[in-house]
Number of protein chains: 2
Amino acid sequence: MTRRLAIALVHHPVLDARRSIVTTAVTNLDVHDLARSARTYGVSDYFIVHPITAQRELVQRICDHWRDGAGGKRIPDRKLALELVRVVTSLADARDALGAPGDVEVWVTAARSVGTPVTLAEARARLEGDGRPVLLVFGTGWGLADEVILAADALLEPVRARDATGYNHLSVRAACAIVLDRLRGA
Amino acid sequence: MTRRLAIALVHHPVLDARRSIVTTAVTNLDVHDLARSARTYGVSDYFIVHPITAQRELVQRICDHWRDGAGGKRIPDRKLALELVRVVTSLADARDALGAPGDVEVWVTAARSVGTPVTLAEARARLEGDGRPVLLVFGTGWGLADEVILAADALLEPVRARDATGYNHLSVRAACAIVLDRLRGA
């Protein structure tokens, strides 16, 4: 018995290189890669969060192609992954889809050091047994805006190499894969 | 003291969905994501292996843009990552760049079960201390051709979730990130 674990990929509010709050464009491979990692590690839902209607429609068209269209017939395993995608307008909508506000824990990830993080080993332990569903949130661009991090129930520590290399600029596709492996890997 | 670890991404010979041997096209985000993961985990070189001249030139143009051109000025950390990229024609060329044939170990990865794999924990232990450089090889498409796997010094076990989900179709961007984290993560 483990807790329900969902992920969300946020396109707003996130930071740009100058730490301004921006809205990023959807990247096709983010849709695919995070869905495939989610399916691999038993994640229940992959919320793609975007405030702009045309961008949500784009994601929906990608998903339809793979779930109901020619893509899924050609590559059936991709269909299984993209069936996890749920397109929403805001992070609050993603949380509400999992339960009432007090019934869902929101955990955020950040490559930069902010606040007091929970180690990935501790987070893994917290996912064991019974408990409220967890929504694990990743940011695009240069990471989640401070307001999202401050409103969360927990902040996970950044992924690190054992030997300090001084470099922590993983792609969100890589970071999500590693975090899910640390939380749910063999 | 740890052994030198390099990675290679192979576009030929790899399998397609029907297990035919094919040559895949370069994916821009493979160049970026694997370079960023490599830099994060202290990998010395990232070889992009492609037999087609025009595709090698494409990779070189991408790298030049980020190493010497406008891209690197705008995002300096990307420059650091893409400086690891070395474009080569064959896997043998990548190996030869690291040392004489008997002086380099070639380790391959596969999502499918073939032969007797080395566990990722054992592979991590083997990287400690002194020893020959290791070239860790990833395939595009549906994975490395059997001939590459059979010629290697070691085959690493596939990445797995702790709870069997029956799904092992990670992107190569995700798989490389996870394997490097298992081998060199904190």
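Two residues are in contact when heavy atoms of one lie within 4.5 Å of heavy atoms of the other. In this predicted model, 37 residues of chain B are in contact with 37 residues of chain A.

**How the two chains meet**

- Chain B can be superposed on chain A by a rotation of 180° with 0.0 Å of shift along the axis, and the RMSD is 0.0 Å. This is the relation of a two-fold axis.
- The copies meet through the same surface, because 100% of the interface residues of chain B are also interface residues in chain A.
- About 3,300 Å² of area is buried between chain B and chain A, and carbon and sulfur atoms give 54% of this area.
- On the chain B side, the residues that lose the most area to chain A are B:Thr40, B:Arg162 and B:Tyr167, which together account for 22% of what that side buries.
- Six salt bridges are found across the interface of chain B and chain A. One joins the side chains of A:Arg162 and B:Glu128, with 2.5 Å from N to O.

**The sheet of chain B**

- Strands of a sheet pair through backbone hydrogen bonds, either parallel or antiparallel.
- In chain B, six strands form an open sheet with parallel pairing, in the order 5-4-1-7-6-8.
- Strand 5 (85-88) and strand 8 (154-156) of chain B stand at the edges; each has a single partner strand, so one side of each has no neighbour in the sheet.
- Direction ignored, neighbouring strands of this sheet are turned by 25° against each other on average.
- Strand 6 (residues 105-109) of chain B pairs with strand 8 of chain B in the parallel sense, over three bridges. At this pairing, B:Trp107 stands opposite B:Ala154 in strand 8 of chain B.

**Helices on the sheet**

- Helix 2 (residues 53-67) of chain B lies across strand 4 and strand 5 of chain B, and runs at about 160° to strand 5 of chain B.
- Helix 5 (residues 91-98) of chain B also packs on the sheet, where it touches strand 1, strand 4, strand 5, strand 6 and strand 7 (134-139) of chain B. The direction of helix 5 makes about 160° with that of strand 7 of chain B.

**Salt bridges within the chains**

- Side chains of opposite charge can pair when their charged atoms come close.
- Over all chains, the structure holds 24 salt bridges.
- One of them is between A:Asp45 and A:Arg86, whose closest N and O atoms are 2.8 Å apart. The pair links distant parts of chain A, 41 residues apart: A:Asp45 is in the loop between helix 1 (28-40) and strand 4 (46-49), and A:Arg86 is in strand 5 (residues 85-88).
- A:Asp45 counts as buried because its relative accessibility is 6%, under the 20% limit. A:Arg86 is partly exposed, at 32%.
- In chain B, B:Asp45 forms a salt bridge with B:Arg4, the closest N and O atoms being 2.8 Å apart. B:Asp45 lies in the loop between helix 1 (28-40) and strand 4 (46-49) of chain B, and B:Arg4 in the segment before strand 1 (5-10), so the pair ties together parts 41 residues apart in sequence.
- B:Asp45 is buried at 6% relative accessibility, whereas B:Arg4 is partly exposed at 36%.
- B:Glu83 and B:Lys79 form a salt bridge with closest N and O atoms 3.7 Å apart. B:Glu83 is partly exposed at 38%, and B:Lys79 is partly exposed at 31%.
- A network of salt bridges links A:Arg3, A:Glu105 and A:Arg132.

Conventions. Residues are numbered from 1 along each chain as its sequence is written. Chains are lettered from A and ligands numbered from 1 in the order in which they are written. This is a predicted model: local features need pLDDT of at least 70, side-chain atom pairs count only at pLDDT 80 or more; totals for chains, interfaces and linings use all residues. Side-chain values use heavy atoms; hydrogens and water are left out. A salt bridge is a side-chain nitrogen of Lys or Arg within 4 Å of a carboxyl oxygen of Asp or Glu. Helices (H or I, at least four residues) and strands (E, at least two) are DSSP runs, numbered from the N terminus. Buried means under 20% relative accessible area, exposed over 50%, partly exposed in between (1.4 Å probe, protein chains only). Two strands pair if DSSP finds at least two bridges between them. Axes are lines fitted to C-alpha atoms, for helices over the stretch in contact, and angles run from 0 to 180 degrees between N-to-C directions. Copies are superposed by least squares on the C-alpha atoms of residues with pLDDT of at least 70 in both. Buried area is the accessible area (1.4 Å probe) that two parts lose on being put together, summed over both.
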